[in-house]
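The points are grouped by topic.

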Amino acid sequence: MRIETDLKLGFKDVMIRPKRSTLKSRSQVSLEREFKYLHSTTKWVGIPIMAANMDTVGTFEMAAELAKHKLFTAIHKHYSVLDWNVFLASAPDEIYDYIAISTGTGKNDFKKLIEIISAHPQLKFICIDVANGYSEHFVTFLKQTRKQFPDKVIIAGNVVTGEMVEELLLAGADIIKVGIGPGSVCTTRIKTGVGYPQLSAIIECADAAHGLGGHIISDGGCTTPGDVAKAFGAGADFVMLGGMLAGHTESGGELLEVNGKKFKQFYGMSSTTAMNKHVGGVAEYRASEGKTVKIPFKGDVVNTIWDILGGLRSSCTYVGASRLKELTKRTTFIRVSEQENRIFTNE
């Protein structure tokens, strides 16, 4: 046993200090990024915000809408081969730049992955998604996937430490998903005592990834557009959102009506709800590590997109970053004991 005494920080522990700016308007800020990858020859241009690969968020409907705005969706892994065929048969060619096919690490997962990509070789992104990216089995599966698909962009995770980021990049990943336990419907930290404050995880993992020419996704923990800006300021190349994109027309989850008000169901992918739905229940050797909640129905997701992008542009103007790429270079975090005046909280 050992104890690390360095303080690790989350989004609520800091704010971004403003700096002089020559920008006259938020409209002068470009949020588009262009990325080249460590292993794949694919180039990508877009706004690097992602819908999480949860079945209540990473839906085909969400992908179709986000792609119109050059935002990305990691499609959840529970769609069938037939579902993929139907969706892609009617989707525009541009959709392939803004979606990833997600997979687990089992034999059937790999077989399904091969079947879908064989039918749709235009697919460019693969997201290998497990809760614990520290297992040897996961690394072995990643190497197998890279060998099978040498030209695809491979996203792998989740991890929270620099040394594992480096191992996954060297094993064949292009983008590493960073985050253990920060999500709004994740209870991993409570059930296991394991986790890492998200801001520090981003800073440390981005440093490791960029040193090797790789990229990272900040996955989880954002509750406001300001948190998205902090994630980019800390060095994230992409920011993945779950709860902020849940509860919309395009989101998954059952639409409920309670006392005349509409809600949508939202749950973690390790929750009892998800496991009952997809694997026949919670196995006796494990515990549920997710919540199931009702979110007030938010309507079409486009309104939330504009709110997030508007806040992010404003963040850039406060520090003088004319491009999103410049935000991390212009960011100075200050540690704080308060974030906002909460006297009126009943919006």
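The accessible surface of the chain is about 16,900 Å², and carbon and sulfur atoms make up 50% of that area. The model is a predicted one. Of its 347 residues, 52% count as buried.

**Overall form**
- Eleven helices and 15 strands make up the secondary structure elements of the chain.
- The C-alpha trace spans about 55 × 55 × 50 Å along its principal axes.
- Of the contacts with a separation of 6 or more, 67% join residues 24 or more positions apart.

**Charge**
- The chain has 41 positive and 37 negative charges, and their mean positions lie 4 Å apart.

**Aromatic pairs**
- There are eleven aromatic pairs in the structure.
- Trp44 and Tyr98 form an edge-to-face pair, because their planes are at 75 degrees, with ring centres 6.1 Å apart.
- Trp44 is in strand β3 and Tyr98 in the loop between α2 and β6, so this pair ties together parts 54 residues apart in sequence.
- Trp44 counts as buried at 1% relative accessibility, and Tyr98 counts as buried at 7%.
- Trp44 also forms a tilted pair with Phe238, at 5.3 Å centre to centre and 55 degrees between the planes.
- Phe238 lies in strand β11, so its pair with Trp44 of strand β3 ties together parts 194 residues apart in sequence.
- Phe238 has 1% relative accessibility and counts as buried.
- Ring pairs link Trp44, Tyr98 and Phe238 into a cluster with Phe35, Tyr37, Phe72 and Phe125.

Conventions
Residues are numbered from 1 along each chain as its sequence is written. This is a predicted model: local features need pLDDT of at least 70, side-chain atom pairs count only at pLDDT 80 or more; totals for chains, interfaces and linings use all residues. Side-chain values use heavy atoms; hydrogens and water are left out. Helices (H or I, at least four residues) and strands (E, at least two) are DSSP runs, numbered from the N terminus. Buried means under 20% relative accessible area, exposed over 50%, partly exposed in between (1.4 Å probe, protein chains only). Contact means heavy atoms within 4.5 Å. Accessible areas come from the Shrake-Rupley method with a 1.4 Å probe; for residues, only the protein chains shown count as cover. Lys and Arg count as positive and Asp and Glu as negative; His and the chain ends are not counted. The place of a charge is taken as NZ of Lys, CZ of Arg, CG of Asp or CD of Glu. Rings of Phe, Tyr and Trp (its six-membered ring) pair if their centres lie within 6.5 Å; planes under 30 degrees apart count as stacked, over 60 as edge-to-face and the rest as tilted.
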